[in-house]
Amino acid sequence: MPEIFKAAEILKTAIRIEENGIIFYREMLNKFKAQELQEIFSFLADEDERHRKIFEEMLSKTEQYEMTDSYPGEYEAYLHAFADEHVFSKEKTGQLMANKVKDIKEAIQFGIEVELDSINYYQEIKRFVSDYQKTVIEKIVDEERGHFLKLSGIKKSLK
C-alpha cells in the first residue's frame with residue numbers, strides 16, 4: 001500500500017526557507033549601504049516575501065497525495081533529509097548567517113548558494129503538489145534562477 005505523503009509539511013519547509021531569506025536579505029540591507037547592493041538586497045527580500053505568500057496560499061489548499069515508494073516512507077525520508085541539508089530550512093538561520101557574513105563577497109556567495117539550494121528543493125517538491133501548483137512552483141523556480149543570475153553578475157563585477 002502506498003504511503004500517504006503530507007505535502008503540507010514540505011510546503012511549511014518552503015515557507016521557512018523564504019522567511020529566512022527575507023531575514024537574511026534585510027540584514028544585508030543594514031550591513032551594506034552601497035546603492036547597487038541596497039537595490040538588489042531589497043529586491044531579493046521582496047521576492048522572498050512574495051514567494052512566502054504563494055507557498056502559504058498553496059498550503060491553505062493542500063490535500064494529501066498518494067505516493068508510491070520502493071519501501072514505505074522512502075521519498076518522504078529523502079525529502080526530509082534534503083530539506084535538513086538546506087541551510088535556510090532551520091528556524092532563525094537567516095539571522096545567524098547574516099551575523100556571520102563579514103563582507104559583500106561572502107554575502108553574495110551565500111545568496112548564490114541559497115538560491116541554488118532553493119531551486120533544487122523546489123524542483124523536488126513539485127512531485128507532491130497538484131498540476132496547477134506545479135506550474136506555480138515552476139514560476140518560482142524560474143524567478144530563483146533569475147535571482148541566481150543577478151547575484152552571479154554582481155559577484156563577477158566585484159572581482
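Me: Which residues of helix H4 (residues 93-100) are the buried ones?

Reply: In this predicted model, the buried residues of helix H4 are Thr 93, Gly 94, Met 97 and Ala 98.

Me: Why are the buried residues of H4 said to line one face of the helix?

Reply: Viewed down the axis of H4, the buried residues fall within an arc of 135 degrees, and they therefore line one face of the helix. On the other side of H4, the exposed residues are Leu 96, Asn 99 and Lys 100.

Me: How many helices and strands make up the secondary structure of the protein chain, and in what order do the elements run?

Reply: The protein chain has six helices and two strands. From the N terminus on, the order is β-α-α-β-α-α-α-α. Of the 159 residues in the chain, 45% count as buried.

Me: Why is Ile 137 called buried?

Reply: The term buried requires under 20% relative accessible area. Ile 137 has a relative accessibility of 0%, so Ile 137 counts as buried. This residue lies in helix H6. Ile 137 and Tyr 122 are 15 residues apart in sequence, while their C-alpha atoms are 6.7 Å apart in space.

Me: What makes the contact of Glu 138 with Arg 145 a salt bridge?

Reply: The criterion is a side-chain nitrogen of Lys or Arg within 4 Å of a carboxyl oxygen of Asp or Glu. For Glu 138 and Arg 145, the closest N and O atoms are 3.5 Å apart.

Me: Which salt bridge joins Arg 145 and Asp 142, and at what distance from N to O?

Reply: Their side chains meet in a salt bridge at 2.9 Å, N to O. Arg 145 and Asp 142 both lie in helix H6, three residues apart, which is about one turn of the helix. Asp 142 has a relative accessible area of 44% and is therefore partly exposed.

Me: How do you know that Lys 139 and Glu 143 form a salt bridge?

Reply: The closest N and O atoms of Lys 139 and Glu 143 are 3.3 Å apart, and the cut-off is 4 Å, so the pair qualifies as a salt bridge. Both residues lie in helix H6, four residues apart, about one turn of the helix. A search of the whole structure finds eight salt bridges.

Me: Why is Lys 156 called exposed?

Reply: Exposed means over 50% relative accessible area. Lys 156 reaches 65% and so counts as exposed. The residue is placed in helix H6 (residues 131-158).

Me: Which residues form a positive surface patch together with Lys 156?

Reply: The patch is formed by Lys 156 with Lys 105, Lys 155 and Lys 159.

Notes:
Residues numbered from 1 in each chain as written. Predicted model: local features only at pLDDT ≥ 70, side-chain atom pairs only at ≥ 80, totals over all residues. Heavy atoms only, no water. Patch = residues over 30% accessible without salt bridge, like charges linked within 9 Å, V, L, I, M, F, W, Y side chains within 5 Å. Areas by Shrake-Rupley, 256 points an atom, 1.4 Å probe, with all protein chains shown as cover. Lys, Arg positive; Asp, Glu negative; His and termini not counted. Charge placed at Lys NZ, Arg CZ, Asp CG, Glu CD. Buried < 20%, exposed > 50% of the residue type's maximum accessible area, 1.4 Å probe, protein only. Arc of directions from axis to C-beta.
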